Amino acid sequence: MHVALRPRSGCLVLCLCLSVFTLLLQSLWVPLEMTRDEPAGRSPEEQGQRGLGFHRLALRLEALSTQVQRLSRERDVTQLTRDDISLLLQSFRKDQQGLARLVERELKRVSQKLDQLSRPNEKCEVPMDRAYPVCAEKVEFLRTRWQSDPCYAFYGVDGTTCSILTYLSQIEDFCPPRLGRNHSALPWHQKPHSYTEKAEIRTTLSPLHGVISNNSGAAVNFIRSRVERMSKRWIQAAVRMRQSSNKTASTQMRVLLYPGALAGSIGQRFEALVERGGPLGELVQWADLSACLTILGHNLTFSTSQQQLHSLVGAAPGRGSCPIQRPLTYDLIYTDYHGLAHLQGAMGLAFLHYQCRFRILDSFGTEPAFNSGSYAHSHGYKTLWGSWGLQPLQYMTMFPHTPDNSFLGFVSEETARDEAREEELEPDTYRKDRIAVVYGKQDYMWQGKSEYVEVISEELETHATVYQPPGLASNLPSFIRNHGLLTQEHFLRLLRRAKVFVGLGFPYEGPAPIEAIALGCVFLQPRFDPPHSSDNNDFYKGKPTTRQISSQHPYVEKYIGKPHVWTVDVTNKTDVRETVRAILRTELKPFTPREFTCEGMLERVRSYIAHQNFCSKSVPTWPPESTLRVHLGPLGQSCVSVCRRSSLVCEPALFPNLNSPAAFARLGIGCSSMEQEVNHLFPSYSPWGRHCGLQQEPLLFSCAGSDPSYRRLCPCRAHLPGQVALCPECL
């Protein structure tokens, strides 16, 4: 039966509901004078905090009730419209999130208090149980430190042994279940509801636009504009992939993208650099990863807020000492080193439980010797950035320079080819002006390079895109035509006209040379002799890698090479001059390796998501064992070098397949001794004494690393043309 309420009746019903709810909350509020049986060791102020939350809520609801009654008295009944009620409800909604959290928190505390009162004679002794060896140690720690983080009080710890044991058995699992209590899985261990959506290839980026629009700032604006600029190419690649793919759709992943470098105080400093010619390579990766995952059909959340991160992962209020309140709802979290620290600070003990779901964007790579904390500390590999103890393949690099990590990459951007500019194109090539563009957007990158650039300017009109602070005179040579900091679109147009893109030696390994080559430029870069490394270069010092950098951009030197890439000794003017003249005699077509196209990135990321499961305890089955090519390297060479010498790549996922005595026997190696050891150079063979060493710690399987005393046993594999990350059998 449906009863229609008049406006005055509806108002009175709302008023009555608010009043009843207020009385209920006031009945639950325990005044100070009734709490004299509180445990010792707590101040009156701390005891009073239990009731203040409910008291504030009750006062707020009472005020709303009074407001409803006043509106009823002051207005004519027939004039009290829905708009009046709507305004009142809007006032209430302003506080609803805070009120909901307050209600949840206070009800939990009341429940815990009632639980304690219902067991007045309960004895709480620290149990001695071999299955929980650190229980007593954890209890002692919380007795003295439970007030160091508000999260302990949030979970009901009040300094008593009973509350500590309850917390350590129900939230952290360091103590056995208490007698008479139901014991279930930890609240943050329980599996969330199954997710059955399928990841269908999308031919639109509309879902991504909504995800990114919730964030702001110069860096996010760069990401947004890049996605919009390249959307047509992504959609075209999606159409081709959908037409050619015969695979059944995989499960849709819930993915969180959290660029930690854009969050908090670090993010503010990064934002300031973006508009002054600072590094954009990481932003390029975040933009392309976002677009790639969207096209592949996954469900994305994008955030650059540390505060929002706590909400997204369900962090407990406090400083991060306690586990999260619920199971993690994301299947994958892409972040960076800064974001990894933020996640650890939000998730407490749950960080270790869920770290297999993390993927770390890491431009310069992290080698296994730096990744294992205890090993790095005891063997001299400890740095600011390493020691997280992840699977090395969870780190995702900008270029395929560290095979121990996964190569994520990016997509080479090109200028739009609209009909209005088609006349600029000649068959199979770009028409080039006799100009050079110098790669270096800040003054300091030019220091010590004037003579090198001057030689180039003798043959080519030389342009720059250096950021010029307002009111300051330029420090660039007079023969340089500086355009100032250009938008990406205008920068690409300039490259499209240029014959040569000139490297100054820094920045290292950025995306710009790939884009210049894709636009038909020749990349001219300095050779480093001796190579730059963490031993002799301030930039690489402290980075978790032992790589030897032979030029400004080793990838284009080794994987592309002449005639698109020329590497010179910049101190030899004759060599530079002859190289420039040789470049001017060449005619080139634009070139882009497949791995830097939309299709290449889509097939690579789809393969990673489908096959890389770091939460499984079993031996990896991808790439398949059939791809393994075992090589015994010479003394003093890393597996990276050994495999590359045979036009193969080292595949760390295949190390378990050769970490056995049988592998040495198949190579005809007679071992006088066979030992397992924690050593990032193992498995390997030492000819002095014919000692064979097997790897004891799987996290230390490493393609990198060499020693004059060892011949490395290396897992090599072939790769697809222009797609180093994938083998022919990998798709």
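## Surroundings of Met398

Met398 touches Gly281, Glu282, Gln285, Asp362, Ser363, Phe407, Gly409, Phe410, Glu509, Pro511 and Phe596, leaving aside residues up to four places away in sequence, where contact means heavy atoms within 4.5 Å. This is a predicted model, in which local features need pLDDT of at least 70 and side-chain atom pairs count only at pLDDT 80 or more, whereas totals for chains, interfaces and linings use all residues. Residues are numbered from 1 along each chain as its sequence is written, and side-chain values use heavy atoms, with hydrogens and water left out.

Met398 lies in the loop between β7 (395-397) and β8 (406-407), strands being DSSP runs of E with at least two residues and helices runs of H or I with at least four, numbered from the N terminus. Met398 counts as buried because its relative accessibility is 4%, buried meaning under 20% relative accessible area with a 1.4 Å probe and protein chains only. Between the C-alpha atoms of Met398 and Leu408, which are 10 residues apart along the chain, the separation is 5.9 Å.

## Strand β14 and its partners

In strand β14 (residues 500-503), Val500 and Val502 point one way while Phe501 and Gly503 point the other way, and all are buried. Strand β11 (residues 435-439) runs parallel to β14 and is joined to that strand by 4 bridges, two strands being paired if DSSP finds at least two bridges between them; Val438 has Val502 as its bridge partner in β14. Strand β15 (residues 522-532) is also parallel to β14, with 3 bridges, and the partner of Phe501 in β15 is Phe523.

## The chain overall

The chain has 24 helices and 23 strands, and 50% of its 731 residues count as buried.
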